[in-house]
Amino acid sequence: LRDTFQREIGERAPRTQALREEAARHLVAPTHFDRFVLPSAFPLAVAQARGSRLRDLDGNEYVDLSGGYGPHILGYAHPAVVAAIQEAAARGAVNAVGNPDEVRLAALIAAAFGQDHKVVLSNSGTEAVQIALRIARARTGRQRVAKFEGHYHGFSDQGLVSSWFRYRGDPRAPEPVGNSAGMQDAVVAETLVLQYGEEESLRRIAAHADELACVVLEPMPSALGDFDPVFLRRLAAVCAEAGVLVVYDEVVTGFRVHYGGVQHLAGTAPDLTCLGKIIGGGLPAGAVVGRAEVIDTARTSGDPFRDVDSRAFAGGTMSGNSITAAAGAATLLELRDRPQIYSRLSDRTAWLVADLTAQAGDCGVPCRVKGRNSVFSVAFDHATPRLVRDRLAGLDVTATLAFAYHMRRYGVHLPELHTMMLSAAHSDGDLEQVSEAFGKSVREMLS
Ligand code: PLP
């Protein structure tokens, strides 16, 4: 299949193919031409992105279901966001000095999470998680971090422990394992790895309470489609009792499943929430938000030489830069002032999941379609395993790649190994095109 597509891409998209070859000569990482885990058989090089559609270098147009891995909830090149970026750029990009855009973005984020909340800005979700964990260590005076198997928290050493494709040990009490060469062994070894939704995880947190600074998790694991509010409430109670901070990683779900975060749907709130993607309006961004009492641990005012042992340092030359902040604020204002965006996205996701499930059932393709709140996935496996590690082991990689290949031929771009995302820009016509492409693709996969 890979060879077929290589041949075909050479014919359908010669400029894309030429760029891929040039990229291989100059660009090591990150490259979306040849991924780290499973090299892409279907590279796409985009000349123009508008609304729900991408046009490649060769003029082929696709309905996009990648959403750039999450930031583009309004669709590409939304007029309000483009105008905000142009206006901020024309005023002169500033960073490393105070500017009104960063304050406006921080105020919008804080107000979406609750009274007396404050914000630390960063340049990516990876950085946001690093800052949150540092605040947790500084505040508790404890070193260790607990995290859940299969939850990705960015590409830092800590973020990559047991994060997505490599797992080890007893499923109920996993051993920590790195997901890259070059990670610090000590960071891996110090991490306590848990299972989302398992009572045993709560017992293990209590047993390690004296060493744990925090538990970090994706409260609505986006890649897995699971959401267990009862577990989140139990987790909050156990951590409060143990003096362990709860850190929600909402880099994907923040401002996507609700204006604000999963805490608005779960009936429980964490101590700190990490954000990224949407809050940058398509430009690099991250943030940590939390109650002032907790997040003020990172306050940088005061006497730097006096309380250096109790304050957590957060920096970043470009953190809070005016162009990113203007793009982020414009995006949040659109979402805040048009709350129907969220209900419409939820309804459309539910429609698509039901439609694709029915079509797969009609033609007897063993695939499960899951999703909610604009995020969905199509998994080609035969069972419905509960644990992430079993899901990965059961995944039919060939079928997954074949599906992406056929969908591309029918004018739909999707990330082969990532969840898919709808944006406010997807029209009824786009959804019908996706539905039709799905029907044709799964039939071809059977033939
Ligand atoms: N946390 C989660 C849940 C993510 O999905 C990601 C990225 O996809 C990150 C953190 C890291 O964010 P970034 O890629 O902006 O560094």
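Predicted model: local features only at pLDDT ≥ 70, side-chain atom pairs only at ≥ 80, totals over all residues.
**Entry 1: a hairpin**

I began at a turn: strand 11 and strand 12 make a hairpin with 2 residues between them, and Asn373 in that turn has a positive phi of about 50°.

Is Asn373 buried or exposed? I found 21 C-beta neighbours inside 10 Å, so Asn373 counts as buried. The cut-offs are 20 or more other C-beta atoms within 10 Å for buried, 12 or fewer for exposed, and partly exposed in between, with C-beta atoms placed from the backbone.

Next I checked the pairing, which requires that DSSP finds at least two bridges between two strands. Strand 11 and strand 12 are antiparallel over 5 bridges, and Gly371 stands opposite Phe376 in strand 12. Strand 12 also pairs with strand 14 (residues 420-421), antiparallel, through 2 bridges. There the bridge partner of Phe376 is Met420 in strand 14.

I then looked at the cover on strand 12 and found 5 of its 5 residues buried. Val375, Ser377 and Ala379 are buried on one side, and Phe376 and Val378 are buried on the other. A reminder to myself: side chains in a regular strand alternate between the two faces of the sheet.

Tyr69 is not a glycine, yet I read a positive phi of about 65° for it. I placed Tyr69 in the loop between strand 3 (61-64) and helix 3 (79-91). Tyr69 has 17 other C-beta atoms within 10 Å, so I logged it as partly exposed.

I followed an open sheet of 4 strands in the order 1-2-3-13, with mixed pairing. Strand 1 (46-50) and strand 13 (412-413) are its edge strands, each pairing on one side only. Strand 1 and strand 2 (residues 53-56) are antiparallel over 4 bridges, and Ala49 has Leu54 in strand 2 as its bridge partner.

**Entry 2: strand 8**

How many of the residues of strand 8 (residues 245-249) are buried? I got 5 of the 5, so strand 8 is largely enclosed by the rest of the structure. Leu245, Val247 and Asp249 are buried on one side, with Val246 and Tyr248 buried on the other.

Strand 8 pairs with strand 7 (residues 212-217) in the parallel sense over 4 bridges, and Leu217 has Tyr248 in strand 8 as its bridge partner. Strand 8 also runs parallel to strand 9 (residues 272-276), joined by 3 bridges. In strand 9, Tyr248 has Thr273 as its bridge partner.

**Entry 3: around the ligand**

Which of the 14 residues around the ligand come nearest? They are Ser124, Gly125, Thr126, Gly154 and Val251. Helix 5 (residues 125-140) gives the most to this shell, with 3 residues.

The shell divides into 5 nonpolar, 7 polar and 2 charged residues.

**Entry 4: two domains**

I took the domain bounds from an automatic or database domain assignment, which gives domain 1 (2-77 + 339-446) and domain 2 (79-337). Their contact takes 22 residues from domain 1 and 24 residues from domain 2, where contact puts two C-beta atoms, placed from the backbone, within 7 Å. On the domain 1 side, the elements giving two or more residues are helix 12 (340-363), strand 11 (368-372), strand 12 (375-379) and helix 13 (388-394). Helix 13 gives the largest share of that side, 3 residues. That side of domain 1 divides into 12 nonpolar, 8 polar and 2 charged residues.

**Entry 5: the whole chain**

Last, I stepped back: the protein chain has 15 helices and 14 strands. Buried residues make up 46% of its 447 residues.

Definitions and conventions. Residues numbered from 1 in each chain as written. Near = placed C-beta within 6 Å. Nonpolar A, V, L, I, M, F, W, Y, C, P; charged D, E, K, R; others polar.
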